[in-house]
Amino acid sequence: MYWTKREILDGIFYQLKNGCNWQDLPKDLPPYSTVYWHYKQWRTQGVIEELMRVLHEQVREQVKKQPNGLH
């Protein structure tokens, strides 16, 4: 079966957020072996770090634009 990058990222984010064992990923996500394999590859290549940097930047920009003055 083919898994989209989004589905694999959802698995990675789930594990990072919850701190669960890779084997304990919910069954609606790709198999843990697939998710973990991609995580290892992307981490080694610096993809995960770059993704987190970009997402962090985007969140900071969104917060700056909040009308309630949150910074």
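A residue counts as partly exposed when its relative accessible area lies between the buried range, under 20%, and the exposed range, over 50%. Aspartate 10, with a relative accessible area of 27%, is therefore partly exposed. Keep that scale in mind as we walk through this structure, which is a predicted model.

Let's start with confidence. The chain has a mean pLDDT of 90, and 92% of its residues reach 70 or more. Among the elements of the chain, helix H2, residues 32-45, has the highest mean pLDDT at 97, while helix H3, residues 47-64, has the lowest at 89.

Now back to aspartate 10 and its partner. Aspartate 10 forms a salt bridge with arginine 6, and their closest N and O atoms are 2.9 Å apart. Both residues belong to helix H1, where four residues, or about one turn of the helix, separate them. Arginine 6 has a relative accessible area of 58%, so this residue is exposed. This bridge is one of four salt bridges in the structure.

With glutamate 50, arginine 53 forms a salt bridge whose closest N and O atoms are 2.7 Å apart. About one helical turn separates these two, because they are three residues apart in helix H3. With glutamate 57, the closest N and O atoms of the salt bridge are 2.5 Å apart, and here the spacing is four residues, again about one turn of helix H3. Through these shared partners, Glu50, Arg53 and Glu57 are joined into one network. How accessible are its members? Arginine 53 is partly exposed at 40% relative accessibility, as are glutamate 50 at 38% and glutamate 57 at 45%.

In one of them, the ring centres of tryptophan 22 and tyrosine 36 are 5.1 Å apart and the planes meet at 55 degrees, so the pair is tilted; a pair would need an angle over 60 degrees to count as edge-to-face. Tryptophan 22 counts as buried because its relative accessibility is 14%, whereas tyrosine 36 is partly exposed at 31%. Ring pairs also bring in Tyr39, making a cluster of Trp22, Tyr36 and Tyr39.

Definitions and conventions:
Residues numbered from 1 in each chain as written. Predicted model: local features only at pLDDT ≥ 70, side-chain atom pairs only at ≥ 80, totals over all residues. Heavy atoms only, no water. pLDDT = per-residue confidence, 0-100. Phe/Tyr/Trp six-rings, centres within 6.5 Å; stacked < 30°, edge-to-face > 60°. Buried < 20%, exposed > 50% of the residue type's maximum accessible area, 1.4 Å probe, protein only. Salt bridge = Lys/Arg side-chain N within 4 Å of Asp/Glu carboxyl O.
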